[in-house]
Structure formats: structure tokens, C-alpha cells
Amino acid sequence: MKKIYLFFLILLLPYVYSLGMASTYLQENTLKLEPGESYIYFITLQNGDDIDVNAEFFLNSEIAEIVNPKETYLLKGKSYDTEIMLNITIPKEDSPGKIYSVSYSLKPIADNRGQISMNFKLNKDFNVEVIGEAKENIEKPVAEIPSSESPSDINISLIMAILIIISLMTVALLLKRSSLVANVVEKLYNKDIMKTDIEQKKIEQKLIKITNKEPNESKKSIVLTDSKKYFYLPHGHHLKSINELVHALEKMNEDTFKHHVNMHKNDFANWISGVFDDKELAQKIHNVKSKEELKEILKNEGY
Amino acid sequence: MKNTVLTIIVFFILLMVISAPVLEYVKAATQGSFSVRLDLSNSLPTISWVNNSVSVSPLENSIRTTFIQFNVTDSNGISDINDSSAKLVLSYSGEPTRYNLSCVSGGGTGDTKKYVCAVDMQYYDRDGVWTINVSVKDLSSSYTDNLTYTMTYGTLTAMVLNKASMNFSNAALGEQNKASDQNPMIINNRGNQNISMVNVTAFNLIKGSETLDATYFTMNASDGNGAGYQLQNNTPVRINNSFVPRDLGGVDVNGSLYLYVDVPSSGLTQGAFNSSSNWLIDVS
């Protein structure tokens with residue numbers, strides 16, 4: 001039997017490709033964000049081999065976009081620091097519980113050498129979950145809450161109130177009977193009030209003298225109670241006051257700081273301006289480039 | 001008025017009666033002698049601070065050296081801290097521990113001393129939140145440790161494909177289950193994620209106007225001598241049983257892919273057929 005041979009060119013490519021994609025660890029592979037919130041997600045492209053590789057990066061998501069995208073990325077041999085930033089933004093109108101998928105991939109650009117050229121593509125994905133209080137709960141009138149009380153709860157409250165009033169009236173009557181005690185108490189009370197007033201005025205005068213500001217102008221002591229206004233850091237940490245920001249900066253690593261303060265935005269300035277309404281301070285820190293610079297300004301402001 | 005005055009007089013008489021013995025007792029106490037014994041015991045050193053905001057990314061097929069600092073406070077003074085006892089251990093359930101048993105002293109002031117520990121993390125170490133355990137002894141061998149801090153190790157998806165091309169030499173018309181000269185193609189996992197799915201997108205081979213359809217090719221992950229999943233032109237085909245775990249315990253775990261062709265018995269002439277595009281191994 002005559003055989004007809006098919007010859008495929010035996011032309012082996014002299015090298016193979018090695019690529020990697022590193023990213024921040026996400027618990028349960030899920031990033032949690034609130035409606036309207038933005039987040040910069042960092043991916044680092046790596047080339048563990050000696051030869052340089054040109055590669056393409058692909059993103060597939062309706063809520064993420066690549067900051068400063070390139071058609072190809074040159075990954076030098078033994079380089080581990082080619083950074084890609086994904087800007088993830090949750091639409092403001094989204095409801096909590098909604099889950100988005102963000103998938104991305106990396107593929108070396110390989111020449112077609114005339115035979116069955118092989119190439120590969122690395123794929124990775126994660127979820128973004130919209131969190132926060134459900135809109136129904138936010139809009140629920142506060143006045144409706146007591147309606148859940150049972151009649152017996154109301155009766156107990158009434159009885160307790162009446163008992164307290166009776167007790168107070170009894171004490172007042174007893175005090176009135178003892179004119180000596182009443183006089184002494186009255187004198188002491190008046191004295192304390194006068195003393196307290198004088199001391200309070202002294203303190204206020206000192207404050208005005210030192211700060212040249214009225215005491216009630218200070219926003220330094222504000223501690224947020226509304227979780228929607230907290231500043232959320234990666235890994236679940238959150239800040240409730242500017243003082244907490246100062247403490248957090250002491251321990252914050254550079255990656256986290258860059259997440260929030262970079263050439264595109266300054267989340268801390270936005271937070272101080274939007275939540276604490278301190279436009280002056282926000283303006284001062286708007287262009288900071290390092291943690292140290294930010295800490296310096298906040299400390300100079302008395303935080 | 002008379003009653004009030006009387007009440008005040010009675011009050012003062014009672015006060016004197018009660019306070020007399022108390023004053024006598026105090027007087028006796030001030031005249032007597034007593035001794036005070038104060039035992040000064042050694043104070044335990046304490047881990048006063050650990051740099052727990054550490055978040056590091058693995059390096060493909062390599063070691064990531066992670067630096068973690070901690071402070072030790074000893075009220076007996078920093079000279080009481082045993083430098084050679086400063087240790088740091090990173091642990092994660094089910095994973096080998098990573099540690100440095102001789103952290104370096106970075107100097108100190110007052111009663112607090114700083115230590116720096118370099119710990120080597122492997123590319124295959126599990127991503128997630130690792131517990132930092134730092135410990136130190138003083139010169140009296142009093143021991144203290146702290147396990148309340150954590151370090152986050154990042155996620156790494158990485159691989160190398162050891163074949164840049166697959167070839168078939170001397171394939172005859174009608175030849176079945178002809179193995180590629182380069183079998184197997186090796187997928188080497190170089191990250192800390194398992195490769196759980198492999199899809200292959202093939203393309204037809206052409207020679208002038210002749211076409212060798214991609215459907216003549218099969219691929220499997222366990223060398224089934226030709227049996228495998230039939231490939232499709234420009235369409236991903238999943239290759240089952242191609243699971244490639246991360247390199248557990250540093251043992252290199254590879255996945256293998258075997259490519260075969262069933263050459264049609266007619267319709268083709270002798271010559272070299274080439275793929276019209278790169279075949280793609282899609283891993284996730």
C-alpha cells in the first residue's frame with residue numbers, strides 16, 4: 001500500500017512562556033462595596049522567566065474599567081511589578097445583595113511559527129457584592145417602631161413613671177419639712193452653681209484665647225454613628241472620626257494608602273469634606289502625596 | 001428653734017463620744033513602730049506593637065521575603081531583653097509554618113526595643129489571612145508571646161507551558177491515533193491557586209487550498225492512547241481531568257496534555273499543513 005505522508009514542519013520554538021497575575025486576597029473571593037462606592041483593585045503582572053514577553057490583558061465586567069489601559073504590556077524577564085489598576089464603581093441606584101462578576105485574563109503574544117503553535121491564557125475572576133442597609137429599611141418611618149410594643153409593655157412603662165413621680169414628690173415633701181436641711185442644701189447648691197459658672201467661663205475664655213475660635217466650632221470631637229458615613233478600609237476596617245484616621249495612618253501600609261490617595265483621587269479629602277463638612281481641611285490635604293505629609297497636616301490641625 | 005438648738009447639741013455630744021476611742025487608737029498607732037517589706041520581682045517583657053498591616057503578594061515560582069516589625073517593652077529596661085530569643089512564626093491552618101527564629105534587633109529607646117523579622121513565603125503558600133505569632137524572652141527566661149495580629153498573603157495565578165508548538169512528523173494518510181512528537185505538553189502551576197479547568201481552542205490546519213479539519217485532532221489529560229476530547233475549529237473544548245493543584249509542600253505538580261490526530265485516508269496531498277492560528281490553552 002502506497003503511503004502518502006503528511007509532513008508538518010518540525011520547527012520548535014526556542015522558548016516557552018511563563019506568566020502570572022497576583023492580586024489582593026479577597027475573603028470568599030468577594031469584594032464588598034456600597035452603592036455609589038468606588039474601589040481601586042490592584043493586579044500585578046509577573047514574568048518569572050528570563051526572556052521578555054509582550055502580553056495582552058483583557059477585562060470583562062460591567063462595573064470595572066482599567067485605569068490607563070494599554071494594548072500590550074511589556075513584561076521584562078524576571079519582573080514582578082507591572083501594575084494594573086481596575087477602577088470598580090457600584091452604581092448609586094443599586095440595591096444591597098446584588099452581585100457582579102469581574103473576570104480578567106492575561107495572554108502572551110505569541111508568533112505563529114508555521115506549525116501548531118501553542119499559546120495559553122490565564123483567567124481569574126472575583127465577585128463584587130453590593131452591601132449596605134436595604135432601601136426599605138432606610139425609608140421606614142421611625143414613628144412606626146413603637147407600634148410593635150405590646151399593651152403590657154406600655155402599662156409597665158406607665159406604672160414605672162408614676163412610681164418615679166411619687167418617689168420624687170415624697171422626697172421633695174420631706175426636704176421641705178426640714179427647713180434647716182433645705183436651707184443648707186440651697187446654699188450649697190447656689191454656691192456650686194456659681195462656682196461652676198465661673199469655672200466654665202474661665203475655661204471658655206482660655207479656649208478662645210488659645211485657639212482664637214469659639215469652642216463649639218471644633219469638629220475634632222465628632223465621632224460618626226451612621227455606618228453609611230464611615231470610611232471603609234480594605235479587610236473590613238473602618239474609620240469613624242478624623243482622629244481614628246490619624247491613628248490608622250500610623251499602621252497603614254503603602255498599598256492601602258495608594259488605594260485611597262493617588263493621582264486620580266483623594267478619598268480622605270473627599271470624606272472629610274463630604275461627611276465632616278470641613279472644606280478647609282479637605283483643601284489642605286487634597287494634594288498630599290504621602291502618609292507622612294497627610295499625618296503632618298492633620299497633626300498641625302490638632303488631631 | 002429650741003428643738004433645733006437641742007438637736008445640734010446632742011449631735012456634737014454624740015460626735016465626741018464616738019471619736020474619742022478612734023483618736024486614741026490613731027495616737028497609739030503613730031507612736032508604735034512597724035516594718036515594711038517590699039519584694040521587687042522581675043517584670044515580664046510584653047509585645048507592645050506588631051506591624052499587622054502587612055499585605056504582600058506572592059512571586060511567581062519564587063520566594064517572597066516578607067518583613068514584619070514588632071516592639072518589645074520591658075519595665076526592667078531593654079538590656080533585660082534576650083535578643084536571640086526574638087522569634088516570629090506565621091501560621092495558617094493546614095499549611096506549613098513560615099518563620100524566623102532569629103529576628104534582628106533594630107535598637108530601642110527607654111524600655112522599648114524594636115525587632116525586624118524577615119520571613120520567606122513560598123509562591124505556593126495559601127492566600128488568605130495568616131496569624132502572626134511573635135515571642136521573646138528576657139534574661140530570666142521569662143517568656144511572652146502575642147498571637148493577635150495577622151498578615152494577608154495575596155492571590156497568585158501563574159503557570160508555564162513547556163511546549164511552544166506541537167508537531168506530527170511522517171503522519172500517513174489513514175493513520176489513526178498518531179501521537180504528537182512533543183507529547184505530553186506540560187502545564188506547570190507556578191502560583192497558589194489550583195488550576196481546575198483547561199479549555200483548548202484549536203484551529204484548522206491548511207496547505208494551500210487543502211484543509212485538515214481541527215475535528216481530526218483529540219486531546220486528553222491522561223494519555224488515553226488517542227482517546228480524548230475531539231477538538232473543534234475556533235471553539236473552546238473542555239479537557240476533563242486536567243486538574244493541576246498548586247505545588248503542595250513544594251512538590252512540583254504538573255498537568256499533562258496529550259495530542260493525537262486521526263489522519264483522513266483520502267482527500268489530502270503530501271506536504272506540510274500548518275495551523276491557521278495559534279491554538280489556545282485556556283486555564284482557570
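This is a predicted model: local features need pLDDT of at least 70, side-chain atom pairs count only at pLDDT 80 or more; totals for chains, interfaces and linings use all residues.

Trainee: What makes β4(B) and β8(B) a pair of strands?

Mentor: Two strands pair if there are at least two bridges between them. Strand β4 (residues 81–91) of chain B and β8(B) have seven bridges, in the antiparallel sense, so they meet the definition of a pair.

Trainee: How do you know that β8(B) also pairs with β9(B), and in which sense?

Mentor: Nine bridges link strand β8 (residues 128–138) of chain B to β9(B), and the sense is antiparallel. Within this pairing, Val134(B) has Asn146(B) of β9(B) as its bridge partner. Four residues lie between the strands of this hairpin, where Ser141(B) takes a positive phi near 65°.

Trainee: Why is the pairing of the sheet called mixed?

Mentor: The sheet is open, with five strands in the order β2-β9-β8-β4-β5 (chain B). Strand β2 (residues 54–56) of chain B and strand β9 (residues 143–153) of chain B run parallel and are joined by three bridges, whereas β8(B) and β9(B) pair in the antiparallel sense. Strands of a sheet pair through backbone hydrogen bonds, either parallel or antiparallel.

Trainee: What makes β2 and β5 of chain B the edge strands?

Mentor: Each of them, β2 and β5 (98–100), pairs on one side only.

Trainee: How do you know that a strand of chain A pairs with a strand of chain B?

Mentor: Five bridges connect β10(A) to strand β23 (residues 279–283) of chain B, in the parallel sense. The threshold is at least two, so this counts as a pair. Met118(A) has Trp279(B) as its bridge partner in β23(B).

Trainee: How many residues does each chain bring to the contact?

Mentor: Chain A brings 46 residues and chain B brings 54. On the side of chain A that touches chain B, β10(A) gives the largest share, nine residues. That side divides into 24 nonpolar, 16 polar and six charged residues.

Trainee: Lastly, what is the handedness of the crossing of α4(A) and α8(A)?

Mentor: Their crossing is left-handed. Helix α4 (residues 242–251) and helix α8 (residues 291–300) of chain A pack at an angle of about 145°, with axes 10 Å apart. The residues in contact include Val246(A) of α4(A) and Leu294(A) of α8(A).

Terms used: Residues are numbered from 1 along each chain as its sequence is written. Chains are lettered from A and ligands numbered from 1 in the order in which they are written. Axes are lines fitted to C-alpha atoms, for helices over the stretch in contact, and angles run from 0 to 180 degrees between N-to-C directions. Helices (H or I, at least four residues) and strands (E, at least two) are DSSP runs, numbered from the N terminus. A crossing is left-handed if the near helix is turned anticlockwise from the far one by less than a right angle, and right-handed if clockwise. Two residues are in contact if their C-beta atoms, placed from the backbone, lie within 7 Å. Ala, Val, Leu, Ile, Met, Phe, Trp, Tyr, Cys and Pro count as nonpolar, Asp, Glu, Lys and Arg as charged, and the others, Gly among them, as polar.
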